Amino acid sequence: SGDEGLVTGSNDYVTDKPASNEYDINTASGEVAAVPSNDFRPTGCAISDDGTRLIEIGRDDDLISQFNLSNPFEISSASFQKSIAAQDPGPEGIAFNPDGTKMYECGNSGDKIYQSTLSTGYDIGTASFDKSINAQGGNSSGVEISSDGTRLYESDFGNDTISQSSLSTPFDIGTASFQKSKPSRDLEPTDIEVSTDGTKFYEIGRDRQLIRQFNLSTPFDIGTASLEQSLNSADSFPTGISFNPDGTRLYESRRGRNEIVQFNVGKPIRWE
């Protein structure tokens, strides 16, 4: 299959990785917590930079939902707060800029990327729609923005591709210029994610139910991606993926089980 290094997250220690192993899904623990979705068909998720907000998008009720986390980054402490209508009648993906004042959505009914401004970071109740642009493919399924706002990424469920655009004005999709695309590793990609430093890229998909981790030899450039390893989703229809800023928490939305799950990333080294 080409998915060498398949892991299930059951190892207690890491013996062949450096001590700093954040963003390394090989060190992901088993599922440590789950929260029921607020939508019967969750399609994406995001976590605030301070870990106090979990955001979900779903296409059963076509809503974006917000949860409060009383214990930052721990979804076991989640309590539902509010919902707003998604911009697309077939919402699929969601992403934010680092301070949560820009929100990005994608959907495969309009096949567009949507941008909104939040007057209070990560508070969806303060969102005001800004603009939209056409998606690169015909079945938009995931959206991601680089930490510096100069790259926009999209996954296409129908054409099995990942695309990259440059933004001449950071975080403004109205200035997007298409750069390149590559075939997705999964025949039905549902979301993408990029690490804060741009050296790691992730895809999740329905066909093989895997999270795949790639190294980017040139940061933020998907044209330099090489597959490193994969992690089992353990769901029949995984739909979304998100990391916290330092890469020590991984969140996944699951349409099959109607839930969002959390993995802890990074394990102690056992020197031998």
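This is a predicted model: local features need pLDDT of at least 70, side-chain atom pairs count only at pLDDT 80 or more; totals for chains, interfaces and linings use all residues.

Student: OK, what's the phi of Phe-73 like?

Tutor: Phe-73 has a positive phi of about 70°, and it's not a glycine. Most residues other than glycine have a negative phi.

Student: And where does Phe-73 sit?

Tutor: In the loop between E5 and strand E6 (78-85).

Student: Switching to charges. How many salt bridges are there?

Tutor: The count is 15 salt bridges. One of them joins the side chains of Glu-92 and Arg-59, at 2.5 Å from N to O. Glu-92 is in strand E7 (residues 91-96) and Arg-59 in the loop between E4 and E5, so this pair ties together parts 33 residues apart in sequence.

Student: Are Glu-92 and Arg-59 buried or exposed?

Tutor: Both are buried.

Student: Which residue does Glu-74 pair with?

Tutor: Arg-249, with the closest N and O atoms 2.9 Å apart. Glu-74 lies in the loop between E5 and E6, while Arg-249 is in strand E20 (residues 249-254), so the bridge ties together parts that are 175 residues apart in sequence. Glu-74 counts as buried, at 18% relative accessibility.

Student: And what does Asp-186 meet in a salt bridge?

Tutor: The side chain of Arg-212, at 3.4 Å from N to O. Asp-186 sits in the loop between strand E14 (176-183) and strand E15 (189-194), and Arg-212 in strand E17 (residues 210-216), so parts 26 residues apart in sequence are tied together. Asp-186 and Arg-212 are both buried.

Student: Which residues are linked in a network of salt bridges?

Tutor: Glu-31, Glu-252, Arg-254 and Glu-259.

Student: Last topic: how many residues are in the largest nonpolar core?

Tutor: It has 13 residues. Those with the most contacts inside it are Ile-25, Ile-211, Leu-231, Ile-241, Phe-243 and Leu-250.

Student: Which strands each supply at least two residues of this core?

Tutor: Strand E16 (200-205), strand E19 (238-243) and strand E21 (259-264).

Conventions. Residues are numbered from 1 along each chain as its sequence is written. Side-chain values use heavy atoms; hydrogens and water are left out. A nonpolar core is a set of buried Ala, Val, Leu, Ile, Met, Phe, Trp, Tyr and Cys residues joined through side-chain atoms within 4.5 Å. Buried means under 20% relative accessible area, exposed over 50%, partly exposed in between (1.4 Å probe, protein chains only). Helices (H or I, at least four residues) and strands (E, at least two) are DSSP runs, numbered from the N terminus. A salt bridge is a side-chain nitrogen of Lys or Arg within 4 Å of a carboxyl oxygen of Asp or Glu.
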